[in-house]
Amino acid sequence: MRIAMVLCTAFFATPPDDPEYERRVQQFTNGFKQVAEVVNQYPCFDVFSMDNTVEDPQQIDPRVMAALDAIPNLKGKCHFLDNELGKRNPGSGMVVAWSRMLPDLLGRYEYLVHYEPRQHLVNYSFFERMANRSE
């Protein structure tokens, strides 16, 4: 059984001239590296990237894209700009993003894991339990 891991991001929530920009880039690159480690250890995960703050994918920081593209089993990227609701309420922005991605995933996976890759994983126990459940 395959499990879809959907990486939910907001690449353009912090502009490049913001003092927090470099920190955010590091959070994404480190998080994507951890996701790559998870997928190497538990290959039952198919990975998808979803972001509704992207006007032009070419403008995503190349360090972030390199880390994302290095994830094994990266099956798709859904990067688009439709964040009017998300500007007012981040939860609403997620609903818009999921409405774009979900039709392609329904029926193909028994489980969908929503994961925000800027988080730092202390261990991989959650993903281990999911992988063991899929056997």
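Is Thr29 buried or exposed? Thr29 is buried, with a relative accessible area of 7%. Buried means under 20% relative accessible area, exposed means over 50%, and partly exposed lies in between (1.4 Å probe, protein chains only).

This is a predicted model, in which local features need pLDDT of at least 70 and side-chain atom pairs count only at pLDDT 80 or more, while totals for chains, interfaces and linings use all residues. Residues are numbered from 1 along each chain as its sequence is written, and side-chain values use heavy atoms, with hydrogens and water left out.

## Overall fold

The protein chain has five helices and four strands. Their order from the N terminus is β-α-β-α-β-α-α-β-α. Helices (H or I, at least four residues) and strands (E, at least two) are DSSP runs, numbered from the N terminus.

The radius of gyration of the protein chain is 15 Å; a compact globule of 135 residues would have one near 14 Å, so the two agree. That radius is taken over C-alpha atoms, and the globule rule is 2.2 Å times the number of residues to the power 0.38. Along the principal axes, the C-alpha atoms fill a box of roughly 45 × 30 × 25 Å.

Of the 135 residues, 47% count as buried. The protein chain exposes about 7600 Å², and carbon and sulfur atoms supply 50% of that area. Accessible areas come from the Shrake-Rupley method with a 1.4 Å probe; for residues, only the protein chains shown count as cover.

Take the contacts in the protein chain with a separation of 6 or more: residues 24 or more positions apart account for 78% of them. Contact means heavy atoms within 4.5 Å.

The chain carries 14 positive and 18 negative charges, and their mean positions are 3 Å apart. Lys and Arg count as positive and Asp and Glu as negative; His and the chain ends are not counted. Each charge is placed at NZ of Lys, CZ of Arg, CG of Asp or CD of Glu.

Strand S2 covers residues 45-51. Seven of its seven residues are buried, so S2 is largely enclosed by the rest of the structure. Phe45, Val47, Ser49 and Asp51 point one way from S2. Asp46, Phe48 and Met50 point the other way.

Strand S1 (residues 3-9) runs parallel to S2, and seven bridges join them. Two strands pair if DSSP finds at least two bridges between them. Ile3 stands opposite Phe45 in S2.

Asp46 lies in S2. Asp46 is buried, at a relative accessible area of 6%. Leaving out residues up to four places away in sequence, Asp46 touches Arg2, Ile3, Ala4, Met5, Asn73, Lys75 and Tyr109.

## Helix H1

Thr29 lies in helix H1, which spans residues 21-41 and also holds Gln34. Thr29 touches Arg63, Val64 and Ala67, not counting residues up to four places away in sequence. Gln34 counts as buried at 10% relative accessibility. Apart from neighbours within four places in sequence, Gln34 is in contact with Gln119, His120, Leu121 and Tyr124.

## Other sites

Ala66 sits in helix H2 (residues 62-69). Ala66 counts as partly exposed, at 48% relative accessibility.

Asn73 lies in the loop between H2 and strand S3 (74-79). Asn73 is partly exposed, with a relative accessible area of 25%. Its backbone has a positive phi of about 60°, although Asn73 is not a glycine. Most residues other than glycine have a negative phi.

Met94 belongs to helix H4 (residues 90-105). Met94 touches Cys8 and His114, not counting residues up to four places away in sequence.

Asn123 is found in the loop between strand S4 (111-115) and helix H5 (125-133). Asn123 counts as partly exposed, at 44% relative accessibility.

## Sequence and spatial separations

The table sets positions along the chain beside C-alpha to C-alpha distances.

| Pair | Apart in sequence | C-alpha to C-alpha distance |
|---|---|---|
| Ala66 and Phe32 | 34 residues | 9.4 Å |
| Met94 and Asn83 | 11 residues | 9.0 Å |
| Asp46 and Ala10 | 36 residues | 20 Å |
| Asn123 and Asn83 | 40 residues | 32 Å |
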